[in-house]
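Take a moment with the model below. We will walk through its sheet, then its helices, then its charged pairs.

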Amino acid sequence: MPPMILIVDDLLENIQLLTCILHREGYRISFATSGVGLPEIAGDLRPDLILLDIEMPGIKGYEVCRRLKRGKETREIPVIFISAHWRMPEDVVKGFKVGASDYITRPFSRAELLARLRNNLALKFRTGELRNACDELERRVRERTAELERINLRLALENKERIRTEQELRRHQMKLRSLTAELTLMEERDRREIASDIHDSVVQSLAMIKIDLGRLKRSVKNADHVAAIDGIIRNTREIIKETRELSYELSSPILDELGLAAAVKHHIEDIAERHGLTIDFHCTADIKILDDPTQIHLFRSIRELLFNVVKHAHAAHVDICITRNGDRITVVVEDDGVGFDAAENRFSAEGGGFGLFSIRERLCHLGGEFVITASPGSGTRVVLSAPVKSESVFSCRV
């Protein structure tokens, strides 16, 4: 709709003149002959601009403008003063102080009136558009802020749940490692008992059979019978040897009696002889004071690594070194075999890495470290480290 102009003047001829000019320009016109009650009238009409006379009976235009600018519904309406007095600088300043947007002195030219009117209306409309844009921007900022707060709340809840899940996972992981270590120790105790039973019962019984066969041989005169007995004695001797080897494989008596270094040395001599490997063994540490769990886990780990070398590495030479630095024992097993991609396969069950996984879990329970350095065609280097004395709770770094 065309802008509405509210004309306020106590003289009807002034109102008629302004109405005539503004109608021709297409403006909508409303008028009042007094400033009394004008803020209420303007609040109801919501004009786009007010042309306000200064000298009116009852209440001056300055006071009317001041009241308009104090009202919430009318403060944004532009007010142009129209005065019959010659415009003096102090009059203009006073008009701007009470909130007027412009000042016109009678007699005025039609072109000047319309130009000032258009400028003030344009400024009012642009101000309104800017305010609407600011309101819209504030609304969007509020909505976005509320959305971000909801997102932050959701992320906080998700992060809390993630932390709880990680803590639960760590607890289960620690429990799994503890169970794995306990299972290894229980298995080792069972192996010892079985190996002891085999040695004390089966081997001893076979030894007595061999002795009895020897006695029987001395009492037999038939050459064929003597030859048969000799064959039985040889077979019995082989069975005793194999049974002792089986007993050793189940549980090394050297580990219990002489310690880790002696058990490793005896084991690698057997591996080297059976598989044609060259194995260099160096032990510069005093490891006689190792606690039983650490000694068992390190020996089982070295056996597992040597088994991997024989089965997968196709190596010609293996170097094993045991050292001690303070309260930690370090074992290095290095071969010149075909190597593998450690990043992809070191703990992959599909890639045959379950043994490595088991070694890592046992060492983690002891508070140890497990480091693999390997690449295809460049051999493999494994470093095991464990404290001399284990505790009930450990941290692990892999």
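Which residue in E10 is the bridge partner of Phe370? It is Leu384. Keep in mind that this is a predicted model.

That pair belongs to E9 and E10, which run antiparallel and are joined by six bridges. The two strands form a hairpin. Five residues lie between them. In the turn, Gly377 has a positive phi of about 85°.

E10 is joined to E8 by eight bridges, and the two run antiparallel. Here Val332 stands opposite Val383 in E10. How many of the eight residues of E10 are buried? Seven are, so the strand is mostly covered; buried here means under 20% relative accessible area. In a regular strand, side chains alternate between the two faces of the sheet.

Next comes the pairing of E7 with E8. Strand E7 spans residues 317-325, and strand E8 spans residues 328-335. They pair in the antiparallel sense over eight bridges. Look for Arg324: its bridge partner in E8 is Ile329.

Turn now to charged side chains. The whole structure holds 23 salt bridges. Several can be followed along helix H5, which covers residues 110-219.

Start with Glu129 and Arg126. They form a salt bridge, with the closest N and O atoms 4.0 Å apart. Both lie in H5, three residues apart, about one turn of the helix. Are these side chains buried or exposed? Glu129 has 48% relative accessibility, so it counts as partly exposed. Arg126 reaches 53%, so it counts as exposed. The line between the two classes is drawn at 50%.

Go on to Arg164 and Glu161. Their closest N and O atoms are 2.7 Å apart, and the pair forms a salt bridge. Because Arg164 and Glu161 are three residues apart in helix H5, about one helical turn separates them. Arg164 is partly exposed, with a relative accessible area of 43%. Glu161 is also partly exposed, at 40% relative accessibility.

Then find Glu168 and Arg171. Their side chains meet in a salt bridge at 2.2 Å, N to O. What separates them along H5? About one helical turn does, because they are three residues apart. Glu168 is partly exposed, with a relative accessible area of 28%. Arg171, at 47% relative accessibility, counts as partly exposed too. Elsewhere, salt bridges that share partners join Glu136, Arg139, Arg140 and Glu143 into one network.

Conventions. Residues are numbered from 1 along each chain as its sequence is written. This is a predicted model: local features need pLDDT of at least 70, side-chain atom pairs count only at pLDDT 80 or more; totals for chains, interfaces and linings use all residues. Side-chain values use heavy atoms; hydrogens and water are left out. Two strands pair if DSSP finds at least two bridges between them. Helices (H or I, at least four residues) and strands (E, at least two) are DSSP runs, numbered from the N terminus. Buried means under 20% relative accessible area, exposed over 50%, partly exposed in between (1.4 Å probe, protein chains only).
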